[in-house]
Amino acid sequence: MTTATVPIPAGWPATEERARAVQDELRLRVVLDEPGPPPGTGHVTGVDVAYDDERDLVVAAAVVLDAATLDVVAEATAVGRVPFPYVPGLLAFREIPAVLAALEALPVPPGLVVCDGYGLAHPRRFGLASHLGVLTGLPTIGVAKNPFTFAYEEPGTRRGSASPLLAGVEEVGRAVRTRDAVKPVFVSVGHRTALDTACAHTLALTPEYRLPETTRRADALCRRALKEATA
């Protein structure tokens, strides 16, 4: 496994005002008219981060799976300083430098990238998955544990049931039941992927558990890497 050290990129936003301006600029580059890679083909990569706020450290992990078998193909981590304060809606500015470094350290192409968070299901329609997709050019989706600020009706109780995640009348994602009678996850498009494809990937990545294998493995890896970095 490769571990990268993360520099804070030159010109990285330091204020909320500047970060929102960057969101407004980059949001115009989100591609929404591509279907995305079919589930079960090529690679699919999970990314996640862990923090040690006392030491001002952030660790990101990227875990590449074979989309057909869900076996681990490659993994990488990155460690750096937290580059931005915690502000709701601007979480990407805390996470992206480390996530980019972890992705760049991978020895194989990542394919579709699955983020533990949001894409279009974001108050400014530009969550982590969209931000990461625009900066890398990769197809991305967000699979979140909670619906943020959006409304939805409970999907049916059977695995595979889904219902729209709504901002007014706009569908910004879907609540998807990945296990019978278990709380749904919240899927949204990031970049270069359609919502139907994103939901199909989510179900393909959840053969046993509520959360995708990409998220589960990236979460475990970044926690382990953080423990090692702070030992």
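R177 touches E154, P155, G156, T157, R158, R159, G160, S161, V182, K183, P184 and L203, leaving aside residues up to four places away in sequence; contact means heavy atoms within 4.5 Å. The model is predicted, so local features need pLDDT of at least 70 and side-chain atom pairs pLDDT 80 or more, while totals for chains, interfaces and linings use all residues. Residues are numbered from 1 along each chain as its sequence is written, and side-chain values use heavy atoms, without hydrogens and water.

**R177**
- R177 sits in the loop between β8 (170–176) and β9 (185–191); strands are DSSP runs of E with at least two residues, and helices are runs of H or I with at least four, numbered from the N terminus.
- R177 counts as buried because its relative accessibility is 6%, where buried means under 20% relative accessible area with a 1.4 Å probe, protein chains only.

**Whole chain**
- The protein chain has 5 helices and 9 strands.
- Along the sequence, the pattern of the protein chain is β-α-β-β-β-α-β-α-β-β-β-β-α-α.
- Buried residues make up 53% of the 231 residues in the protein chain.
- Of the contacts in the protein chain with a separation of 6 or more, 66% join residues 24 or more positions apart.
- The C-alpha trace of the protein chain spans about 45 × 40 × 30 Å along its principal axes.
- The radius of gyration of the protein chain is 17 Å, which agrees with the value near 17 Å for a compact globule of 231 residues; it is taken over C-alpha atoms, and the globule rule is 2.2 Å times the number of residues to the power 0.38.

Terms used: Buried < 20%, exposed > 50% of the residue type's maximum accessible area, 1.4 Å probe, protein only.
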